[in-house]
Amino acid sequence: MANQPIFILPEGTERYSKRDALRMNITAAKVLAGIVRTTLGPKGMDKMLVNSLGDITVTNDGATIMREMDIAQPAARMLVETAKKQEDIVGDGTTSVVVIAGELLSKAEELLEDGISTSVVVKGFRNATEKAVELLQGIAVDANDKETLKKVAVTAMSGKGSDYAKEHLADLVVEAALRIKEDGKSDIENINIQRVSGDAVEDSFLAEGIVIDKAPVSKAMPKDIKDAKIAIMKYPIELKDINTDTKIDITSPEQFELFLNNEEQMIKDLVDKVIDSGANVLFCQKGIDDMAEHYLKKAGVMTFKRVKKSDMDRIAKATGAKLVTDIEDLSADKLGFAGHIYLNKIFDHELTFIEECDNPKASSIVLRGSTRYVTEQISRAIDDALGVVAATIEEGKVLIGGGACEIDLVKQLREYGETVSGREQLAILKYAEALEVIPRTLIENAGLDTINLIADLKASHEDSNLIGINVFTGELVDMQEAGVIEPLRVKIQALQSAGAASEMILRIDDMIAARDALTSTGQDESGNDDSGMPPMPGGMGGMPPMM
């Protein structure tokens with residue numbers, strides 16, 4: 001019995017411990033960082049992603065790339081979740097998060113190979129992150145004017161397929177964000193982008209109110225209403241479906257006619273409640289019966305059905321209408337107001353415009369483009385620009401871009417590292433070295449001389465911390481004068497997220513994977529790769545394919 005093996009894990013479970021698990025996870029993070037790294041900056045390249053249905057996405061937006069990829073390796077998936085959180089919180093910086101995290105893990109691997117313990121590396125990285133955030137707040141500059149907001153938007157959109165119209169689009173973004181500004185904040189959820197293929201991007205415009213991608217339920221209904229009194233409902237104007245077990249006994253034609261008349265009267269009663277409230281425009285989130293459409297048309301009520309919840313929220317924000325969940329509660333005091341609601345056909349797209357609202361807290365950008373792929377790509381760029389403009393409005397602070405703030409951080413963190421004793425100093429210095437990855441990547445993606453430009457950039461920061469790289473000319477210039485600026489919040493969130501993600505991966509010293517987890521990544525039950533490719537050495541029968 002003393003020599004009898006004891007099994008505590010199910011058959012087929014694989015376990016990787018210590019350096020094997022850590023090496024697998026670090027390698028996966030570096031591979032993911034390498035995939036998105038080439039998309040960083042104004043000269044970044046695009047990725048073409050094709051899903052299982054054959055739908056094509058062309059983009060260099062880090063969040064979109066990682067969302068569309070079917071990533072199976074657990075550590076890589078953790079980085080993807082970190083990038084998604086970055087997108088949710090500040091709207092931009094997703095590529096930077098993954099690139100910095102990948103570089104931090106690469107530097108950590110060097111330290112571990114030199115015999116530095118994981119706990120020392122984690123502590124050093126954590127202290128360096130806290131110091132970096134403190135330093136960023138110290139070098140940030142105030143941003144409280146419209147022109148600065150425009151520069152932030154232009155920087156965010158650079159290299160994202162919108163360069164030829166970014167000035168015009170930046171004006172739209174800033175105007176939309178300022179229009180809905182309330183209590184020092186701008187909730188960009190109240191700004192929607194309506195994409196219309198056809199015509200040039202320069203023909204995009206900011207609507208006076210909000211725009212929804214809907215037409216009235218009947219072509220015979222009014223298409224243009226002045227002084228609109230608006231009802232918004234989450235209540236169907238139709239009869240409830242009869243239960244399949246319900247039995248109705250009708251023994252004569254008169255009873256059948258009475259049954260139909262009762263149904264019609266019930267529908268008419270519902271419509272009368274809408275008309276009695278004084279509403280002449282109705283937005284309904286649910287369905288509307290054909291008979292109800294007939295009565296609403298006769299009453300001259302402009303009616304929309306199955307309106308998206310997000311559009312309902314924006315209509316409520318813009319017009320002051322209150323969402324009604326029970327038609328019995330519909331009354332005049334629940335109605336919103338708009339001076340003008342009309343249907344307009346742009347190219348082959350019918351859109352409804354809600355304008356002349358008293359105090360609109362919602363807005364719409366109508367985005368034009370030659371093809372669907374163009375409008376999709378530019379829509380993502382505008383989403384990023386809206387996120388950074390909103391963050392700047394709330395924070396009121398910006399940083400100098402073009403790699404300037406990263407090089408300044410490298411310089412100051414090295415000075416800080418020299419004051420720290422023990423092996424933790426090595427981790428802080430490696431952290432500082434890792435931050436060089438951002439300016440280095442900007443230079444590489446522009447096809448410039450990396451070694452000389454990085455050396456010149458470091459030398460120039462002895463005199464000024466505003467000097468960055470103009471990737472279009474290959475020269476070092478004052479980035480503040482060039483208008484290349486980024487929100488403080490985006491950079492701080494990126495450093496904190498990358499630091500937390502790398503720490504989490506470094507602290508994993510044991511990896512236990514069920515058999516199903518392995519077979520779902522492209523391997524068969526024997527551990528062989530279904531794709532026919534030979535397994536990579538090092539973990540889970542080889543590195544699980546990331547896509």
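A salt bridge is a side-chain nitrogen of Lys or Arg within 4 Å of a carboxyl oxygen of Asp or Glu. The model examined here is predicted, so that local features need pLDDT of at least 70 and side-chain atom pairs count only at pLDDT 80 or more, while totals for chains, interfaces and linings use all residues. Residues are numbered from 1 along each chain as its sequence is written, and side-chain values use heavy atoms, with hydrogens and water left out.

The protein has 18 helices and 19 strands; helices (H or I, at least four residues) and strands (E, at least two) are DSSP runs, numbered from the N terminus. Of its 547 residues, 50% are buried. Buried means under 20% relative accessible area, exposed over 50%, and partly exposed in between (1.4 Å probe, protein chains only).

In total, the structure holds 33 salt bridges. One of them joins glutamate 486 to lysine 491, with the closest N and O atoms 3.5 Å apart. Glutamate 486 is partly exposed, because its relative accessibility is 23%, whereas lysine 491, at 10%, is buried. Another network of shared partners links Glu103, Lys107, Glu110, Lys430 and Glu433. Within it, lysine 107 and glutamate 433 meet at 2.9 Å, N to O. Lysine 107 is buried at 9% relative accessibility, and glutamate 433 is partly exposed at 27%.

A salt bridge is also formed by arginine 37 and glutamate 444, whose closest N and O atoms are 3.3 Å apart. Arginine 37 is in helix α1 (residues 18-37) and glutamate 444 in helix α14 (residues 437-445), 407 residues apart.

Aspartate 61 is located in the loop between β3 (56-59) and α2 (62-68). This residue is buried yet has no salt bridge, the nearest side chain of opposite charge being lysine 160, 4.6 Å away; Lys and Arg count as positive and Asp and Glu as negative, while His and the chain ends are not counted. Beyond its neighbours within four places in sequence, aspartate 61 is in contact (heavy atoms within 4.5 Å) with Arg380 and Asp384.

Glutamate 481, in helix α16 (residues 479-482), is exposed because its relative accessibility is 70%. Its C-alpha atom is separated by 8.9 Å from that of leucine 466, 15 residues apart along the chain.
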